[in-house]
Amino acid sequence: MLELGMTFSMEQLVIDNDIVQMTKKVMEGVPVSEETLDLESIQKVGIGNNFLALKKTRMLVDYPSDPMLIDRRMYGDWEHAGSKDLATIAHEKVVDVLKNHEVPSVDADSLADMKAIVKSADKAFRDSL
């Protein structure tokens, strides 16, 4: 708590953003369709057995939450792809955003409105002293 407000991790912000986005996606509900139910696989594997080995399951595993950073590949596939941990992936995202993100310009009318609000708030603060 000593450092609260004194330090900041952009990587943690990126991870938190991924968690928030996944939560929002889950809150939309899980779509139920012929594709997502995949009755053929249920009949093939059988109720109570392991569906994780099925290609269809692996294809749909991110569907309810759609993570941007979290890697849900099988351990061997993840290891073969370089074994990057979440902190490393988040750092790469931070570097990419800092290098490539372009902030869209604010139109003149909106900018004028914002300046008027700030000017009014400044005046109200000065008048209250």
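Student: How do you know that the span of helix 1 (residues 10-27) agrees with its 18 residues?

Tutor: Helices here are DSSP runs of H or I, at least four residues, numbered from the N terminus. The expected span is 1.5 Å times one less than the number of residues. For helix 1 that should be 26 Å, and its end C-alpha atoms are 26 Å apart, so the two agree. This is a predicted model, where local features need pLDDT of at least 70 and side-chain atom pairs count only at pLDDT 80 or more. Residues are numbered from 1 along each chain, and side-chain values use heavy atoms.

Student: Which residues of helix 1 are buried?

Tutor: Val14, Ile15, Asp18 and Met22. Buried means under 20% relative accessible area, exposed over 50%, partly exposed in between (1.4 Å probe, protein chains only).

Student: What makes them line one face of helix 1?

Tutor: The arc is taken from the directions from the helix axis to the C-beta atoms. The buried residues fall within an arc of 100°, so they line one face. They pack against helix 6 (86-100), with contact meaning heavy atoms within 4.5 Å. On the other side of helix 1, Lys24 and Met27 are exposed.

Student: Why is the pair of Tyr75 and Trp78 called tilted?

Tutor: Rings of Phe, Tyr and Trp (its six-membered ring) pair if their centres lie within 6.5 Å; planes under 30 degrees apart are stacked, over 60 edge-to-face, the rest tilted. Here the centres are 5.4 Å apart and the planes at 45°, so the pair is tilted.

Student: Why does Tyr75 count as exposed?

Tutor: Its relative accessibility is 55%, so Tyr75 counts as exposed. Trp78 has 21%, so Trp78 counts as partly exposed.

How values were computed:
Helices (H or I, at least four residues) and strands (E, at least two) are DSSP runs, numbered from the N terminus.
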